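Me: I am new to reading protein models. Could you take me through one, feature by feature?

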Amino acid sequence: MTENHTLTVRDNRTGEEYELPITDGTVRASDFGKIGKTEDEPGLAVYDPGFTNTASTRSAVTYIDGDKGILEYRGYPIEQLAEKSTYLEVAYLLIHGELPTREQHDKWVHEITFHTFVHENLKSQLQGFRYDAHPMGMLLSSVGALSTFYPEARNISDPQVRHDQVVRLIAKMPTLGAWSFRHAQGKPYVYPDNELTYTENFLSMLFKMSEQKYNPDPRLAKALEVLFILHADHEQNCSTNAVRSVGSSQVDPYSAVSAGIAALYGPLHGGANEAVLKMLKRIKVPENIPAFIEGVKKGDEKLMGFGHRVYKNFDPRATIIKKAVDDVFEVTGVNPLLEIAQELERIALEDDYFVSRKLYPNVDFYSGLIYEALQFPPEMFTVLFAIPRTSGWLAQWIELVDDKEQKIARPKQIYTGDRQLTFPSAEERWSR
Ligand code: CMC
């Protein structure tokens, strides 16, 4: 406990001293607001673009220790979850805070499985997109549109209503994601097959053609399951913050999650694995690697898929993904880019430039190779991220809705513009 810990701040403008409580390694920004506050002047504020050192919430969902390479969902290490669990069980854990009993598990899986269909009007909406529409744009707008199909979702204070929307969202994301993929290929949309598991059904909706029943290779379904588990949550990242920020207005979860999808769409968040693939294709052959590495060290470009804002020793997800790579390539045949990736990794991990800066492969270094081997075009990569991240977004959204300390998100600004100008006459405005 840090109950008696305080921070003494002396305001040198006035000579006044303030004692601010320190709780859980943080001081309250609102306590700074008391410093220097007068009737005419607002108190001190903290300035933190990008929230690099600001805790926006208390959360019991995901724990990360970047220095030690630890990632835990609800206290369970990611390595154990990836090895022993399924995506739906992990989704239950994230949403409910504890692992399901057998009965709870079966009911959960049943509920998700039987909500995989979407309203036919939503299908028409998807069909209205242009042939070359980006699947992430299609996903984002169709998830937003779901709120119009379930208007009761606005009643976010009712736990049963919340549960129903959580089930619907987790269930329908693969359907919408797969249909966005089929749309770009001009292929008919495939309806869900409720006899298959979550990832098997997703593969079926992606790749089924004229066969009566699509039976995905269990090794591919398992690899996808692992990838889904690894991407299910990552505490207060950009898209989760977007879900929480939009959700703080008490909007329905479909609208809040579509904000998360929009944030994930951006290249700084969900797009790094696509950049890795482009980089490997550009390097083309292992002989070109030394020249490429020299360019990186000179600062010409970055080694994509290396480095992380939080993980400074290793990204635990990267270690797990490397194992999945072997399983997938056993089925699909080896992607020739793998050799370049492995050689790049070997050279970089021995090079002082990368070692001294604590730059290691992150989750995106190998995931793009797997996705490409599974025949996904790069535009689908962020969709493959958004589908499993939905359970994490929803777990964080429920936490937000239940958190009495939370308020509508409304940061302060430091105003830098003009003040009190006189509006010029038309003559003055247009003669400039
Ligand atoms: N290649 C070469 N140099 C790098 C790289 C890289 N990938 N990443 C960082 N550096 C250098 C950087 O130039 C700086 O060098 P110096 O001290 O000489 O100026 C030093 O390492 C520290 O970098 P930083 O930019 O302060 O680190 P950051 O924490 O702000 O950035 C990062 C983290 C992930 C944005 C960055 O490492 C990067 O751009 N990596 C490549 C893109 C990538 O793979 N992104 C996916 C991240 S994982 C996504 C997820 O968790 O969902």
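Reply: Start with domains. Domain bounds come from an automatic or database domain assignment. Keep in mind that this is a predicted model.

Me: Which domains does the assignment give for the chain?

Reply: Domain 1 covers 1-46, and domain 2 covers 66-414. Their C-alpha centres lie 40 Å apart.

Me: Next, strands. How do the strands of a sheet pair?

Reply: Strands of a sheet pair through backbone hydrogen bonds, in a parallel or an antiparallel way. Here 3 strands make an open sheet, in the order β3-β4-β5, with antiparallel pairing. β3 and β5 (76-77) are the edge strands, as each pairs on one side only.

Me: How many bridges join β3 to β4?

Reply: There are 4 bridges between β3 (residues 62-65) and β4 (residues 70-73). Across the pair, D65 stands opposite I70 in β4. The hairpin of β3 and β4 has 4 residues between the strands. In that hairpin, G69 takes a positive phi near 70°.

Me: Which side chain meets D65 in a salt bridge?

Reply: The side chain of K68 does, at 3.6 Å from N to O. Now compare exposure. Buried means under 20% relative accessible area, and exposed means over 50%. D65 has 15% relative accessibility, so D65 counts as buried. K68 has a relative accessible area of 57%, so K68 is exposed.

Me: How many salt bridges does the structure hold?

Reply: It holds 25. Take K213 and E195, whose closest N and O atoms are 3.1 Å apart. This pair links distant parts of the chain, 18 residues apart. K213 is in the loop between α8 and α9 (218-230), and E195 is in the loop between α7 and α8. E195 is exposed, with a relative accessible area of 67%. K213, at 33% relative accessibility, counts as partly exposed.

Me: Are D315 and R317 buried or exposed?

Reply: Both D315 and R317 are buried. Their side chains meet in a salt bridge of 2.9 Å, N to O. Salt bridges can also link up: D24, R28, R58 and E405 are joined in a network of them.

Me: What is the nearest side chain of opposite charge to D403?

Reply: It is R244, 5.5 Å away. A salt bridge needs a nitrogen and an oxygen within 4 Å. D403 is buried yet has no salt bridge. You will find D403 in the loop between α18 (381-402) and α19 (426-430). Leaving out residues up to four places away in sequence, D403 touches T57 and R58.

Me: Now a helix. How many residues are there in a turn?

Reply: An α-helix has 3.6 residues a turn, so residues three or four places apart point the same way. Look at α4 (residues 102-113), which has 12 residues. From its first C-alpha to its last, α4 reaches 16 Å, close to the 16 Å expected at 1.5 Å a residue.

Me: Which residues of α4 are buried?

Reply: W108, E111, I112 and T113 are. The buried residues of α4 pack against α3 (87-96), α7 (159-185) and α8 (198-207).

Me: One last residue. Where is K298?

Reply: K298 is in the loop between α13 (289-297) and α14 (316-332). With a relative accessible area of 66%, K298 is exposed. K298 and M209 are 89 residues apart along the chain, and their C-alpha atoms are separated by 49 Å.

Note on methods
Residues are numbered from 1 along each chain as its sequence is written. This is a predicted model: local features need pLDDT of at least 70, side-chain atom pairs count only at pLDDT 80 or more; totals for chains, interfaces and linings use all residues. Side-chain values use heavy atoms; hydrogens and water are left out. Helices (H or I, at least four residues) and strands (E, at least two) are DSSP runs, numbered from the N terminus. The expected span of a helix is 1.5 Å times one less than its number of residues. Buried means under 20% relative accessible area, exposed over 50%, partly exposed in between (1.4 Å probe, protein chains only). Contact means heavy atoms within 4.5 Å. Two strands pair if DSSP finds at least two bridges between them. Lys and Arg count as positive and Asp and Glu as negative; His and the chain ends are not counted.
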